Amino acid sequence: MNSVITSLEPELKLTEYPYESRYFYTAGHRLHYLDEGQGDPVVMLHGNPSWSYYYRNLVSELSPFFRCIAPDHIGCGLSDKPDDKDYDYHLAQRIDDLDALLTHLGVTDRITLVLHDWGGMIGMGYAARYPQRINRLVLLNTAAFHLPASKSLPVVLKICRSWPGTLLIRGLNAFSSAASIVGVKRHSMSTNVRRSYVAPYNSWKNRIATLRFVQDIPLKPTDRGYELVSTIEASLSQFEHTPTLVCWGLKDFVFDRHFLKGWKQRLPHARYREFSDCGHYILEDASEEVIAAIRGFLSRPIKPGETSA
């Protein structure tokens with residue numbers, strides 16, 4: 001069992017997370033990541049408020065055939081959780097962190113990105129820098145473009161971005177705890193799995209990234225990061241011939257049909273698998289189906305006309 005997790009939650013037994021913890025220093029802080037298996041790299045990026053635990057079953061399935069890399073963003077999971085004065089909790093820094101990690105690992109070619117939630121913006125931000133490195137894309141209830149004009153920011157997120165949100169998220173861990181309940185629709189998480197999701201966010205200090213991610217969503221041109229998101233959005237046209245699989249839980253109240261429509265407009269060539277009874281945590285709700293779809297997708301040879309960007 002991972003000793004770091006044991007110190008977070010002594011009674012917790014993460015039998016589904018039997019991986020060696022590895023660490024890399026970026027921006028002066030320890031970033032935790034998994035690096036399992038050999039072969040072409042599959043880089044799995046989580047969102048907020050989850051961590052690499054989200055990919056535990058996918059890593060188990062793919063690591064006999066691929067090199068599976070799953071980092072915890074700074075402030076998340078088993079990575080360091082510095083204060084604002086010591087780390088810039090902003091999208092640009094997140095992309096820099098990923099860039100630094102993959103450079104350190106020598107991962108610069110034939111990359112498959114598996115992206116969920118904020119992982120989409122971070123991963124596609126990296127892809128915009130190095131389109132020639134990307135071999136395939138797997139998108140799971142995520143975005144790499146601005147909030148669609150047809151959708152309003154959910155009230156819950158509006159509250160979380162205000163001062164009451166600070167008390168709810170950092171004081172009560174409301175965001176992480178609630179996500180582990182409302183993020184699944186087909187199957188409720190077991191008590192142990194739900195505890196595993198929230199275990200790294202066990203104090204006011206350790207919940208800083210959960211709040212900063214919500215506050216970092218740029219909604220108007222004057223917001224920090226708005227121009228960067230515009231750049232990432234514009235870069236998506238480079239991937240029109242990149243093999244792409246999209247698995248989507250239609251009962252996600254944030255990344256809903258409006259975002260799915262946005263992907264279909266930008267990447268019409270992609271394979272789309274829609275799950276009408278599943279929510280945000282699609283890898284929990286439809287684990288076997290989604291993992292089988294990803295496994296089959298990665299095993300299929302790239303056809304003529306399907307190229308990396």
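This is a tutorial dialogue on reading a predicted model of one protein chain.

Trainee: Let's start with the whole chain. How many helices and strands are there?

Mentor: Since the model is predicted, we are reading computed features throughout. The chain holds 13 helices and eight strands.

Trainee: What does the radius of gyration say about the overall form?

Mentor: A compact globule of 309 residues would have a radius of gyration near 19 Å, and the chain has 18 Å, so the two agree. Along the principal axes, the C-alpha atoms fill a box of roughly 55 × 45 × 40 Å.

Trainee: And what share of the residues is buried?

Mentor: Buried means under 20% relative accessible area. By that cut-off, 59% of the 309 residues are buried. The chain exposes about 12500 Å², with carbon and sulfur atoms supplying 52% of that area.

Trainee: Now the backbone. Where is there a cis peptide bond?

Mentor: Look between Asn 48 and Pro 49, where omega is about 15 degrees. Pro 49 belongs to the loop between β3 (41-45) and α2 (56-62).

Trainee: Which residues other than glycine have a positive phi?

Mentor: Two cases to look at are Ala 27, with phi near 55 degrees, and Asn 173, with phi of about 55 degrees. Ala 27 lies in the loop between β1 (22-26) and β2 (29-36), whereas Asn 173 is in the loop between α6 (163-172) and α7 (174-182).

Trainee: Are those two buried or exposed?

Mentor: Ala 27 is partly exposed, at 46% relative accessible area. Asn 173 is buried, at 6%.

Trainee: How should I read a helix that is mostly covered?

Mentor: Begin with the general idea: an α-helix has 3.6 residues a turn, so residues three or four places apart point the same way. Then turn to α9, residues 208-215, where seven of the eight residues are buried. Those are Ile 208, Ala 209, Thr 210, Leu 211, Arg 212, Phe 213 and Val 214.

Trainee: Which elements do the buried residues of α9 pack against?

Mentor: Their partners are α3 (91-105), α4 (118-129), α5, α6 and α7.

Trainee: Last topic: how do I describe two aromatic rings?

Mentor: Use the distance of the centres and the angle of the planes. The count here comes to 14 aromatic pairs. In the pair of Tyr 87 and Tyr 89, the ring centres are 4.8 Å apart and the planes stand at 75 degrees, so this pair is edge-to-face. Tyr 87 is buried at 4% relative accessibility, and Tyr 89 is buried too, with 8%.

Trainee: Which residues form an aromatic cluster?

Mentor: One cluster is made by Tyr 17, Tyr 19, Trp 51, Tyr 53, Tyr 54, Tyr 55, Tyr 197 and Tyr 281.

Conventions
Residues are numbered from 1 along each chain as its sequence is written. This is a predicted model: local features need pLDDT of at least 70, side-chain atom pairs count only at pLDDT 80 or more; totals for chains, interfaces and linings use all residues. Side-chain values use heavy atoms; hydrogens and water are left out. Helices (H or I, at least four residues) and strands (E, at least two) are DSSP runs, numbered from the N terminus. The radius of gyration is taken over C-alpha atoms; the globule rule is 2.2 Å times the number of residues to the power 0.38. Buried means under 20% relative accessible area, exposed over 50%, partly exposed in between (1.4 Å probe, protein chains only). Accessible areas come from the Shrake-Rupley method with a 1.4 Å probe; for residues, only the protein chains shown count as cover. Contact means heavy atoms within 4.5 Å. Rings of Phe, Tyr and Trp (its six-membered ring) pair if their centres lie within 6.5 Å; planes under 30 degrees apart count as stacked, over 60 as edge-to-face and the rest as tilted.
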